[in-house]
Amino acid sequence: MEPPRPLKSFPILRLPFLVIKEVFKTMNPFEIINFSMISKRAKTITKKKTFYLEYAIHFCVQKPLEIKIHGTNNLVSGHYLMTSDKQKDGKTLEDERDGFITRKVFKYSMDSIDEWKQLCKYVLEIFNKQTIDVLTVFMDVFVDQKISIIDFLKTNVKSVNECNLFQLGENNNVDEHAKYLLENIKITNKVISWLHIKNGDFAGKFPKNLKELYLLHSEWMGYEKLLEIDSVQVILGGNGISNMGWNSFIKKWIAMETHLNLELLDIDFKSLEQFRALVLYDIPHEVVDGSVKRVLKTTDNETEEISGGVDIRRIDGKTATFVARDFEFLMSVH
Amino acid sequence: MTSPASSSEVKYLIESSEGNTFDVSGAALRQSNTFNAMFLNIGADGPIPFTDYNEATLKKVFEYCEHSVNEENYSGPKHQDDLSKWDLNFFNEMDQKMFIDVINASNFLDIERLTSYCCERIARMLRGKNTQEMIKVITLPTAEELEAKQKVEEKKAAAAKKVAEKAAETAEKTETLEELPVQQLVQTTRNKLTRKYLSFSNE
């Protein structure tokens, strides 16, 4: 069957808005951005938010610098990758796995950081965003430009929903830049840090009122720093807190002097018996029989049926259950 | 000829921009949400005036509606690859102008299926294209063409300015001759006469 003869040209901008809107609905983020660059009128039309689906914006400070635009449920993602290789300019890659489509486009520039900044601004403008959904930063790449990149983000991005912090080399000291980032970028929901902080007295302040805080290499974390945390979920991959410190923390929690929003804490104790003996020794607690099953909050915002555990009670009546599982030791508040 | 549409047998008269009228079945017309909102329940006492669109366009649109009367209810956009042979022929027969007219009419009449197919067809023209390629598709002038156009316009403007200046100059001269104040004219004449008189008396 003969496919429709392709119309070679068409004055799209002269169509009624409702028709253009229908056309936009079938376009991917790259096509939308390319379209917006056609003319001032095209840009004005493109900026009408109702013309397309809501996209999630993800800026990546890594090598290569990236801007990701995720469609609904992440089913379709468009990635801009900055490159200093002129031959790659404009090249596209498309990958489909399990129904998820990823399209990548290379953008050449001699000054990839500046080009990335300009494109970040343009993407924010076109998709009418003042906040971004995800910021990923490798703290030990573009070290010399790190402050200027953070300043750029501070100026152009009102807040970041989720911030992922990485470092390539475990031995690289990223403390200062991590502190600067935490001081200058407003993170509203989630922080995931794979940073190897070197200084036990790390001066960086984690954002308040978080939903999730994952510190996967937190051996540097001390008692005072623990008290500063304000998050619904706290996952610590290690800590330097003594048993006495944990004892004091539990007492403060019971007295409602700290971590009022806490619903889940994941720490690295080995067993409930050890925890009872070393931490809860002078704190009233109840060992719940293994036959008692309760649905409790666990990591990744999920709930699971948990058998037994050890309960402590806060002065307002809230209960926290300590549970030891294969690779986690949870304090689940209910 | 027109009555509230409860049966597909009912025919309606449609009037085009040329003032011509033609029949369309109620079943076909009911695919238009605009028609449903305006006439379905109350009927119409004469030809329904869709006079923003010419006869050829309206006939093309309602040809589509008549054809799809028996198709299953519309449930969202259908991919072009799924179009039937009849649909393909329907779109292939249209040139650009007719296609634009059909989209506009379909949009006004709010015929979801036809509008959606047309939009999908336009979107295919842009698929996978960069900005420069899109410019060619949507028939916008390129930067070079814009520059050339601007130069021409600048030349025209300069020429027009010259003409205007010349005209203003001419007008000024004419004004000097034609609109010399009457008193001044009288005085000039009087001076001439006085001189004449004096010279006469001296003689």
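Which residues of H8(A) are buried? Keep that in mind while we get our bearings in what is a predicted model.

Chain A carries nine helices and 15 strands, and its C-alpha trace spans about 80 × 50 × 35 Å along the principal axes. Of its 334 residues, 31% count as buried. If you look at contacts in chain A with a separation of 6 or more, 55% of them come from residues 24 or more positions apart.

Now back to helix H8, residues 243-254 of chain A. Its twelve residues reach 17 Å from first C-alpha to last, close to the 16 Å expected at 1.5 Å a residue. The buried ones in H8(A) are A:Phe249, A:Ile250 and A:Trp253. They cover an arc of only 100° around the axis, so they sit on the same side of H8(A). Just after H8(A), look for A:Met256, which takes a positive phi of about 60°.

Next, a helix pair. The axes of H5 (residues 146-156) and H6 (residues 175-184), both of chain A, come within 10 Å and cross at roughly 10°. With an angle under 35 degrees counting as roughly parallel, H5(A) and H6(A) are therefore roughly parallel to each other. On the H5(A) side the contact is made by A:Lys146, A:Ile147, A:Ile150 and A:Lys154, and on the H6(A) side by A:His177, A:Tyr180, A:Leu181 and A:Asn184. By type, the residues of this contact split into four nonpolar, two polar and two charged.

Methods: Residues numbered from 1 in each chain as written. Chains lettered and ligands numbered in written order. Predicted model: local features only at pLDDT ≥ 70, side-chain atom pairs only at ≥ 80, totals over all residues. Axes fitted to C-alpha atoms, helices over the stretch in contact; angles between N-to-C directions. Helix = DSSP H or I, 4+ residues; strand = E, 2+ residues; numbered from the N terminus. Parallel < 35°, antiparallel > 145°, perpendicular 65-115°, else oblique. Contact = placed C-beta atoms within 7 Å. Nonpolar A, V, L, I, M, F, W, Y, C, P; charged D, E, K, R; others polar. Buried ≥ 20, exposed ≤ 12 C-beta atoms within 10 Å, placed from the backbone. Expected span 1.5 Å × (residues − 1). Arc of directions from axis to C-beta.
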